[in-house]
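Here are a few notes from going through the model, set down point by point. Have the viewer open as you read.

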Amino acid sequence: MSFSPPHPSCCFSPRFTMLSSRKYVRILKAFQGECLPSYLCASRWSSTTAPAPRITTHYSVCPRDKDARWEGVTMERFADEADVVIVGGGPAGLSAAIRLKQLANQHDKELRVCVVEKASQIGAHILSGACLEPSALIELIPDWKERGAPLNTPVTEDKFGILTKKYRIPVPILPGLPMNNHGNYIVRLGHLVRWLGEQAEELGVELYPGYAASEVLFHEDGSVKGIATNDVGISKDGSPKDVFERGMELHAKVTVFGEGCHGHLAKQLYKRFKLRENCEPQTYAIGLKELWLIDEKNWRPGRVEHTVGWPLDRNTYGGSFLYHLDEKEPLVALGLVVGLDYQNPYLSPFREFQRWKHHPSVASTLKGGSRISYGARALNEGGFQSVPKLTFPGGVLIGCSPGFMNVPKIKGTHTAMKSGMLAAECIFQTITDENFESRTAGIHVPKYEESLKNSWVWKELYSVRNIRPSFHSYFGLYGGMIYTGIFYWILRGKEPWTLKHIGEDSNQLKPAKDCTPIEYPKPDGKLSFDLLSSVALSGTNHEHDQPPHLTLMDDSVPVAKNLAVYDGPEQHFCPAGVYEYVPLESGDGMRLQINAQNCVHCKTCDIKDPSQNINWVVPEGGGGPAYNGM
């Protein structure tokens, strides 16, 4: 990329002559500063003289008040008031909204509840296995069958096994073990969430899909005031377009944060209110999933299959699922989950997933079928030990944002929904109590955390607290299975100790020089596929001319550290081909290229980056994947 100074004639254009000499100097200085533009500050990011594109132009790293291009741009925002604002239209957020309106209607109270959701449609960003435990749904909407909830496939058969490269060793599922799915349903969670959205709207909840909450707002006393949605109409270089529009503010008595796994606003709240002071760091996995239309003779509606082992080694936590749906056509949902505490920087979860499908026990089901959808997302695996403080003045955390997943069950929807319901009940009781006097402008609801700790959610998480960390022994996978078989099955989690996790996932990678590169087979186009054709099936789309929402705190770190020490792990762990290391145009060295338009919003980069230099922020609302019932 090259830059040519403006032709002298442009200095005499009407637009140019309107600039005072002082303002022109400010613009020139801005062009030499940290954030403007990429080609003039390239020397900061490369030791070569050849210009390199600036990677990060987002205002969260490049402040607008230091950017002359934003002078004179109106930054006022329209503000609106609600009783409760909920960030995230997933199972937890919608369950909270529904429960709030149920209570308001029962007690004849006026209550304005607003839900903002970054996806273009409710359910469009939802991805899960999913084998649903219906306990929370039954509590929330007892007549869900009569209302047409899309739970069409009751589990009829459970299978579990250990895979070697060529064989499958069956393992019996004893009653009481986490993998026993009697009474559960195989669902397409996006469809269930869409249905929950319809139930919420019927009750009077205001749903705002396509609006991404980008900022937490605070009162002068430090309590949460609400959120602001993201600005739109910003060019890729960080400058305002002619169609620039400021986001709007939504103020509330209580703001409920249900962003899902590793929410970008929740990360800010953790720091501001020190919510993680008394818990262990969260640990995560990445889940990759496909939907297939298979040959009817291979279809077993209601069958649930789980495996551990190959293609992962015994020191890499993970496992697979294959669910046979009963939706009037022979559909199967299949996927691989890989713990993000893995050590080899050459490991690619996507390629491990593609390789897994060639195992004889999997290929026999898929043979003759066709792939129709693909997606990926991160999931919380810290469990009981990693749950943060859940309440703070003006707000609460619910669902996968703080992390309520039952890891050995691979289920978090029922616990997420219940957390939303409990939060709603405590919020309603607090804000409708005529005798209640809040010490802060944003109402604090500490009773929610107390209520959750007295619920079946807490008991369930406590009982399985040691299963995930038991994997970190010399025996790895097999040590974890032995622990589960002895201590969980016999003692039901009542052992008088609590094991610890090994620390943050970003700290677990070994230097590339200490690891063996992994040779992955080329995709055959029948069972296994390349990355970009997979991303195309996710329906992912972003407005191309906007600042990359995968921001770097320092543009020089990827090449200087990640590539130099870890062989650029972001180019391996990203399930969407967002990160690429490409040669500089001078031919001297490499640079990182971010293809932000490919991002499926899985958050893996923010979690696993060994430099913790990547900060995922929301793109323009409506961008991202368009999952159809994933």
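1. Is Arg69 buried, exposed or partly exposed? Bear in mind that this is a predicted model. Arg69 comes out as partly exposed, at a relative accessible area of 23%. Its side chain forms a salt bridge with that of Asp67, 2.9 Å from N to O. Asp67 is buried, at 7%.

2. Next, have a look at Glu139 and Lys418, whose side chains form a salt bridge at 2.6 Å, N to O. Glu139 belongs to helix α4 (residues 135–140) and Lys418 to helix α9 (residues 413–431), so this pair ties together parts 279 residues apart in sequence. Glu139 is partly exposed, with 39% relative accessible area, while Lys418 is buried at 10%.

3. Glu327 and Arg188 are joined by a salt bridge too, at 3.3 Å, N to O. Glu327 sits in the loop between β16 (318–326) and β17 (330–339), and Arg188 in the loop between β7 (185–186) and α5 (189–203), so parts 139 residues apart in sequence are tied together. Both residues, Glu327 and Arg188, are buried. The whole structure has 30 salt bridges.

4. Now the surface: Leu174, Ile482, Ile486, Trp489, Ile490 and Leu491 make up a nonpolar patch of about 530 Å². Ile490, in helix α12 (residues 477–491), is exposed at 56% relative accessible area.

5. Last, Asn613, in the loop between α16 (604–608) and β24 (614–616). Asn613 has a relative accessibility of 6%, so it counts as buried. Beyond neighbours within four places in sequence, its contacts are Thr551, Leu552, Met553, Asp554, Val557 and Pro558.

Methods. Residues numbered from 1 in each chain as written. Predicted model: local features only at pLDDT ≥ 70, side-chain atom pairs only at ≥ 80, totals over all residues. Heavy atoms only, no water. Helix = DSSP H or I, 4+ residues; strand = E, 2+ residues; numbered from the N terminus. Buried < 20%, exposed > 50% of the residue type's maximum accessible area, 1.4 Å probe, protein only. Contact = heavy atoms within 4.5 Å. Patch = residues over 30% accessible without salt bridge, like charges linked within 9 Å, V, L, I, M, F, W, Y side chains within 5 Å. Areas by Shrake-Rupley, 256 points an atom, 1.4 Å probe, with all protein chains shown as cover. Salt bridge = Lys/Arg side-chain N within 4 Å of Asp/Glu carboxyl O.
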